[in-house]
Amino acid sequence: MSDRTVRRLPIDTGSSGWLALSERRMPVRVLDGDRTADWLIIGAGFAGLSAARRLTQLRPGETIVMLDAREVAQGPAGRNSGFMIDLPHDLTSGEYSPGDAAQAKQEIAHNRLAIGFAANAAAELGMSTATFSPCGKTNAAATPRGEKLNADFARALARAGEPFKLLDARAMRALTGTTYYTGGLHTPGACMIQPADYIRTLAASLRGGVDIFENSPVVGLRREARVWAARTPSGTVRAPKAILAVNGHIEDFGHFAGHLMHIFTYASMTRALRPGMAGHGQTGAAAWGLLPADPMGATVRKISPSGEERIVIRTRFTFDPGIKVSEGRIAKIAGEQRRSFDARFPQLGGLPFEFSWAGRLCLSRNHVPAFGEVEEELYSACCENGLGTVKSTLAGMMAAELATGTRSAILEDYAAQPAPKRLPPVPLAYLGINSVIRWQELRAGREG
C-alpha cells in the first residue's frame with residue numbers, strides 16, 4: 001500500500017499583475033466532505049486543466065475531480081511571461097539554436113500539438129486576442145553577442161526550413177518605440193497569452209462532470225485497494241486513477257526526489273500608461289513580445305488591455321530547493337528591473353511598477369519531463385523545463401492519453417524520453433547551479 005503524507009506546500013510570493021488584471025468566471029469551491037469520481041487530478045494549472053479537457057474528449061461522461069492548493073491561476077500558471085513557443089527553448093543551454101536536428105524537429109512537433117490544443121480551446125471559448133493571440137514573438141538583441149546568437153539561430157532555422165524574419169534597429173524601434181535594441185529575429189509560430197485569464201477561462205469551461213475544488217491542498221495520498229485517496233484538510237477524494245499535475249511539487253508526493261531543479265524567475269508590470277502621461281504613444285505597436293537573444297537576458301512584453309498600455313519585464317533566475325523566496329528578494333530584484341526598464345524606455349519617465357512577483361519553474365538536467373505512470377494508475381505530468389505554458393499543456397494531454405490507453409505517435413515519442421538525471425547533493429547543487437546561473441546572467445550583460 002502506498003501512503004504519502006505531503007508535509008510541504010509551495011509558496012507563491014509577490015502580487016502577479018496577470019492575476020490582478022483578470023476576472024474570475026466561477027465561484028470558489030472548497031472541498032468539504034468526501035467525494036468519489038472516475039478521475040482525480042491534483043493541480044489545476046496548465047497541465048491539470050489540459051488533462052481534464054483531454055479526458056472530457058476521450059472519456060465523455062466520466063466524472064473528474066480536480067484539487068488545487070490555491071485558487072486557480074494564483075500559482076505558477078498565473079505568474080509566467082505568457083509565451084507559448086513552438087521552437088526549441090532550452091534555458092540551460094545558453095542559446096536557442098538546437099544542437100540535434102532530429103530532436104529539434106520532434107520538439108517542434110510536440111510544442112505545436114500543444115499550441116494547437118490551446119488554440120482550439122481559445123477559439124471554442126471565444127477568448128479575445130488580449131487573452132490568446134497567435135502573433136509570433138521576436139528574439140531581441142542589444143549587443144554584438146546577442147546579434148551573433150540571433151544569426152546562429154537564423155541559420156539553424158533556415159536549415160530546418162522554418163520561417164523567420166530578421167529585423168534591423170529601425171524595425172525594432174518601430175515595434176517597441178525604443179532605440180535600445182540593435183536587431184531582432186521574428187518567428188511566427190508563437191502565441192502570446194494573458195496566462196491568468198487563459199487559465200481562468202479554461203477552468204470555467206470545464207462543466208458536466210468536472211468539479212474543481214480550490215484552496216484544497218492535498219496533505220495525504222494513499223492507495224486503498226484499487227483506488228487512490230487524496231486527503232485535504234476538510235475532505236477526501238477517491239478515484240481509480242489519478243494524475244499529478246503539480247510540476248516540481250511532485251517531489252513532495254514521493255517521486256523524482258533529487259532529480260528536479262526548482263528555479264524562480266522574477267517579473268514586474270508597470271502601472272497603466274494613459275493618454276496625457278509622459279511617453280504615451282511612444283512604445284511602438286499596440287502589443288508585442290520580446291524574448292532576449294541570450295536566454296538569460298530580459299523578457300519584455302507590451303500589453304494594452306482596455307486600451308491602457310502596460311509593459312512587463314522578466315529578469316533573473318535563482319535556484320531555490322526550498323520552493324519559496326522572500327518578499328525582500330522580490331523587492332531587491334524589482335530594483336534591478338527598474339534600472340533595466342529605464343535603460344530601455346527613458347521616454348517613459350520612470351513609469352512606476354504596480355506589480356512585482358516571483359514565479360516557479362521546474363527543470364531537469366537533461367531537459368526532459370517527469371512523466372509517466374509512477375505507481376499503479378498514478379500518472380505524472382510534471383517538470384516543464386522552463387516553458388510551462390506549452391510543455392505543461394502537452395504533459396497534461398499526454399498523461400490523459402497514457403492513462404486512457406489512447407495510442408498516438410506523439411505519445412510514443414513523448415513517453416520514450418529518458419528519466420530526469422539525478423542532481424548533485426543539495427549543498428553542491430545550490431552552489432553550483434546558482435553560480436552557473438549568475439555567470440550566465442553576467443555574460444548576458446546589456447541583454448538583461
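1. Strands, as the term is used in this note, are DSSP runs of type E with at least two residues, numbered from the N terminus. In this predicted model, strand E10 (191-193), strand E17 (288-292) and strand E18 (299-303) each contribute at least two residues to the lining of the second largest pocket. Among the elements, E18 gives the largest share of that lining, with 3 residues.

2. The second largest pocket has a volume of about 430 Å³, and of the 24 residues that line the pocket, those closest to its centre are Thr 129, Ala 130, Thr 131, Gln 194 and Pro 305. Sorted by class, the lining of this pocket consists of 10 nonpolar, 9 polar and 5 charged residues.

3. Two elements, strand E16 (261-270) and strand E20 (353-363), are the ones that give two or more residues to the lining of the largest cavity. That lining is made up of Asn 247, Gly 248, His 249, His 262, Ile 263, Phe 264, Ile 323, Arg 360, Leu 361 and Cys 362, which by class amounts to 5 nonpolar, 4 polar and 1 charged residues.

4. The remaining points concern the packing of helix H2. Helix H2 (residues 46-58) packs against helix H8 (residues 388-404) at an angle of about 40°, and the two axes lie 7 Å apart. Because angles under 35 degrees count as roughly parallel and those from 65 to 115 as roughly perpendicular, H2 and H8 are therefore oblique to each other; their crossing is right-handed.

5. On the H2 side, the contact with H8 is made by Phe 46, Ala 47, Ser 50, Ala 51, Arg 54, Leu 55 and Leu 58, while H8 brings Gly 388, Thr 389, Ser 392, Thr 393, Gly 396, Met 397, Ala 400, Glu 401 and Thr 404. The class count for this contact of H2 with H8 is 7 nonpolar, 7 polar and 2 charged residues.

6. With helix H3 (residues 101-124), H2 packs at an angle of about 75°, with the axes 12 Å apart, and that angle makes H2 roughly perpendicular to H3. Ser 50, Arg 53, Arg 54 and Gln 57 of H2 meet Phe 117, Asn 120, Ala 121 and Glu 124 of H3, so that, by class, the contact of H2 with H3 comprises 2 nonpolar, 3 polar and 3 charged residues.

7. A further partner of H2 is helix H6 (residues 195-205), whose axis comes within 10 Å of that of H2, the two crossing at roughly 30°. This angle makes H2 roughly parallel to H6, and H2 passes H6 in a left-handed crossing. The residues in contact are Phe 46, Leu 49 and Arg 53 of H2 together with Pro 195, Tyr 198, Ile 199, Leu 202 and Ala 203 of H6; by class they divide into 7 nonpolar, no polar and 1 charged residues.

Methods
Residues are numbered from 1 along each chain as its sequence is written. This is a predicted model: local features need pLDDT of at least 70, side-chain atom pairs count only at pLDDT 80 or more; totals for chains, interfaces and linings use all residues. Side-chain values use heavy atoms; hydrogens and water are left out. On a 1 Å grid over the protein atoms alone, a cavity is a set of points where a 1.4 Å probe fits but cannot get out, and a pocket is an open set with protein on both sides within 12 Å along at least five of seven lines; lining residues have an atom within 4 Å of a point. Helices (H or I, at least four residues) and strands (E, at least two) are DSSP runs, numbered from the N terminus. Axes are lines fitted to C-alpha atoms, for helices over the stretch in contact, and angles run from 0 to 180 degrees between N-to-C directions. Angles under 35 degrees count as roughly parallel, over 145 as roughly antiparallel, 65 to 115 as roughly perpendicular and the rest as oblique. A crossing is left-handed if the near helix is turned anticlockwise from the far one by less than a right angle, and right-handed if clockwise. Contact means heavy atoms within 4.5 Å. Grid points are joined across faces, edges and corners, and a volume is the space filled by probe spheres set on the points.
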